[in-house]
Amino acid sequence: MAKQRDKVFPGRDAIVAFIRTNPASIGTREIAREFGLKNADRVELKRVLRELRDEGAIAKRGRKLQEPALLPPTVVADITGRDNDGELIASPTEWDEQTGDPPKIRIHVPRHPPPGTSAGVGDRALLRIEKSDDSEGAAYRGRVVRVIDHAKARVLGIFRRLPDGGGRLVPVDKKQAGRELNIAKADTGGAEDGDLVSVDIVRSRGYGLASGRVRERLGSLASEKAVSLIAIHAHEIPQAFSPAASREAEAARPATLAGREDWRALPLVTIDPPDAKDHDDAVHAEADPDPRNEGGHLVTVAIADVAFYVRPGSALDRDALARGNSVYFPDRVVPMLPERISNDLCSLVPGEPRGALAVRMVIAHDGRKRSHSFHRILMRSAAKLNYAQVQAAIDGRPDDATGPLLDPVLKPLYAAYATIKRARDERDPLDLDLPERKILLKPDRTVDRVIIPERLDAHRLIEEFMILANVAAAEMLEKKALPLIYRVHDEPTPEKVHNLQEFLKTLDLPFTKSGALRPSLFNRVLAQVKGRDSEPLVNEVVLRSQAQAEYSAENYGHFGLNLRRYAHFTSPIRRYADLIVHRALLRGLGLGEGALPETETLETLSEVAAQISVTERRAMKAERETADRLIAHFLADRIGATFQGRISGVTRAGLFVKLDDTGADGLVPIRTLGTEYFNYDETRHALVGTRSGAMHRLGDIVDVRLVEAAPVAGALRFELLSEGRIAPRGRRGSRARDDGPRVQFSAQAKAQPGRSPRKKARKPDKHKSGKSGKGMSRKDKSKQGKPGKSRSGKGK
């Protein structure tokens, strides 16, 4: 029953306070009931709520209102506009839209801003922020620490020459696919057909093509050999090192014994993928001779001493920070450091003396780490091995390289791993089963096939050794009370947990939370669906419920790994965060040159952590987009062919389908699904027909026909051929069980825009088109935000 109130419209502060009392379950109706508002007041209430959302004081998730999510003290944000007082307003660059509207940040601009901090609308900047008072409207106030990128009025695309000498620009952005620009003959800038170009828009109008002028030729894309160039330029990933950094790299000399322990006699080995070009970690294990640790092991992890060559404040350091990490494409690598450093001086190649920072760990018989110590050493790798080669040797098939190492080196490594695995299993980290694909290229750098590499114990061994080393680094630096950059992974938000519970109810899967949230709770659900048809679906939905791992100078643990403290230490060649941890260890342990300067504080490292979190997301997106473009090129001559796949995404715009053989993702527009209206059911991750109850759900296996491929944008469009499940009558669009019969509602994707096609249903016919998906390759699609995963499985 509504409470009796004075007929006074509630103040904005009172409304915000009420929303905070019960987040994620308050809507307009609940607010009206709480304050006794009548129908006549609803219009005013909606206006006030809209203003509060625009100001960032509240956020909207579906139909419910909530307090905006908390932001870290330092954040990278995009400046989106100005408020009524003319002050700049920004929103965080990286934001999970599933958590609601991004919070607004009002930027304070001093009268005399320091150099490099003058920002404007459209710029991207590093901000230091704090919560604002309720009366200020925006959820946060911030100040610009550094402008990362200025606004650019440009379009990136492929130039296509016309017979008259002018041309068309085909945009590379998937969102702009089909929106070509006209380039006049005088504005081509000498671009040739197939060139990747940057174009300034010189005229835009409501009808006809907009016009542009070529500003810069970025490279030729006459074939897919250089398709990664698109992502490199689209995301502004630096390719060339500064002249000063190149000079520093060339002047560098190999490390010597000065200031180091001599570990050259220890048979450390590197174990990497067969195509790895740099080898920055080596391992060794042996039984612990200490009688007080019977059944225990000594495990050594040695990591290339990058800090010896890349000194704080140097040109190499500045270039490495701007990159943040190496970026890996199927046809090339854009390294964080010059090859002289990454592939030569810091690569732990066999037989060559190399500087390293090593951690020696004492492991008890139950797999728990008893103690550890760090050493600056000179080592000599005994062998360069790959995962399959090592696994084959352990399985009884040694080769010339692994044969002599089997008993003295490899078997002790596996014995130590078997011990460590006991503690790992007891810790019970999040155990998602989401296989990742890898694109293999032909010699001409075009797609050959896509494989799912087999997951071996050799992979798990290296992964667990690296996790141990990363934990040891974090523990040592905390003990020394030194600032560091943590690798953190927050637990899922209450709202995401609730949404997961509601979804699992539709599958009759229990998900009861009691006490603290632990990864084991999710693992129990995953175990229940092991081997069932719903296994891929549940794994995908559990993944989407998780937060995204990031870097932070503040520690809030790693939920996915179920660790209280964790830092990246094991890959300083390709990750700047690891380099910071190396420098901090050198400083804390007094191990010599290259240490973290005293000027590096928690505040400055917060800025670095925010910046490299963004560069990591940039790399992941660029890698994913390049894989999409390569596969779109590969499928471009298969228009009309039919394929089997699985629904990988459900939105109000339609269904995303991932093909089984290539891993390619494409869209089935909602307007092509049939002759009826389809509702988006957020709880069940499904589109449900209002008349028939036909339901298409995340994880469903479907047949599709390829209708359109846009290789430049990496976009595919499909026509759905498969039938949909029937939701029980009376519950269509709600939480119905999906165990009913199926109905066929297929449609031609070439129907007129905005109109539902009215074609007869038909069964999938994989032979009618004359083309088939047989023998198609598979696509490597990285899982963005997958907790605990990293390249080669090293250092999650």
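Is Ala458 buried or exposed? I began my notebook with this residue, in a model that is predicted.

**Entry 1: Ala458**

I looked up Ala458 and found that it belongs to helix H10. Its relative accessible area is 2%. The cut-off for a buried residue is under 20%, so Ala458 is buried. I then listed its contacts, leaving aside neighbours within four places in sequence: Ala458 touches Tyr387, Val390, Gln391 and Tyr414. I also compared positions along the chain and in space. Ala458 and Ile271 are separated by 187 residues in sequence, yet their C-alpha atoms are 8.3 Å apart.

**Entry 2: helices H9 and H10**

I recorded for myself that two packed helices are described by the angle between their axes and the distance between the axes. At what angle do H9 and H10 pack? Helix H9 (residues 406-427) packs against helix H10 (residues 457-479) at about 70°, and the axes are 10 Å apart. H9 is therefore roughly perpendicular to H10. The crossing of H9 past H10 is left-handed.

I next noted the residues that meet. On the H9 side they are Leu413, Tyr414, Ala416, Tyr417, Ile420, Arg424 and Arg427. On the H10 side they are Asp457, Ala458, Arg460, Leu461, Glu464, Phe465, Ile467 and Leu468. Sorted by class, this contact of H9 with H10 holds 10 nonpolar residues, five charged residues and no polar ones.

**Entry 3: the barrel and strand S4**

I followed a closed barrel of five strands, in the order S3-S4-S5-S7-S6, with mixed pairing. Neighbouring strands of this sheet are turned by 50° against each other on average, direction ignored. I reminded myself that strands of a sheet pair through backbone hydrogen bonds, either parallel or antiparallel.

S3 and S4 form five bridges in the antiparallel sense, and Ala77 stands opposite Pro92 in S4. The hairpin of S3 and S4 has five residues between the strands, and there Gly86 takes a positive phi near 85°. Strand S4 (residues 88-92) is also antiparallel to strand S5 (residues 105-107), to which two bridges join it. In these bridges Ile89 is partnered by Arg106 and Ala90 by Ile105.

Which residues of S4 are buried on each side? In a regular strand the side chains alternate between the two faces of the sheet. I found Leu88, Ala90 and Pro92 buried on one side of S4, and Ile89 and Ser91 buried on the other. Five of the five residues of S4 are buried.

I also noted that helix H15 (residues 602-635) lies across strands S3, S6 and S7, at about 70° to S3.

**Entry 4: helix H6**

Why is H6 described as largely enclosed by the rest of the structure? Helix H6 (residues 315-323) is so described because seven of its nine residues are buried. I listed them as Ala315, Leu316, Asp317, Asp319, Ala320, Leu321 and Arg323. These buried residues pack against helix H5 (243-251), helix H14 (576-589) and H15. Just after H6, Gly324 takes a positive phi of about 80°.

**Entry 5: strand S15**

My last entry concerns strand S15 (residues 281-287). Five of its seven residues are buried, so S15 is largely enclosed by the rest of the structure. How many bridges join S15 to S16? I found seven bridges to strand S16 (residues 297-304), and the two strands run antiparallel. Within this pair, Val283 stands opposite Val301 in S16.

Notes:
Residues numbered from 1 in each chain as written. Heavy atoms only, no water. Axes fitted to C-alpha atoms, helices over the stretch in contact; angles between N-to-C directions. Helix = DSSP H or I, 4+ residues; strand = E, 2+ residues; numbered from the N terminus. Parallel < 35°, antiparallel > 145°, perpendicular 65-115°, else oblique. Left-handed = near helix turned anticlockwise from the far one by under 90°. Contact = heavy atoms within 4.5 Å. Nonpolar A, V, L, I, M, F, W, Y, C, P; charged D, E, K, R; others polar. Pairing = 2+ DSSP bridges. Buried < 20%, exposed > 50% of the residue type's maximum accessible area, 1.4 Å probe, protein only.
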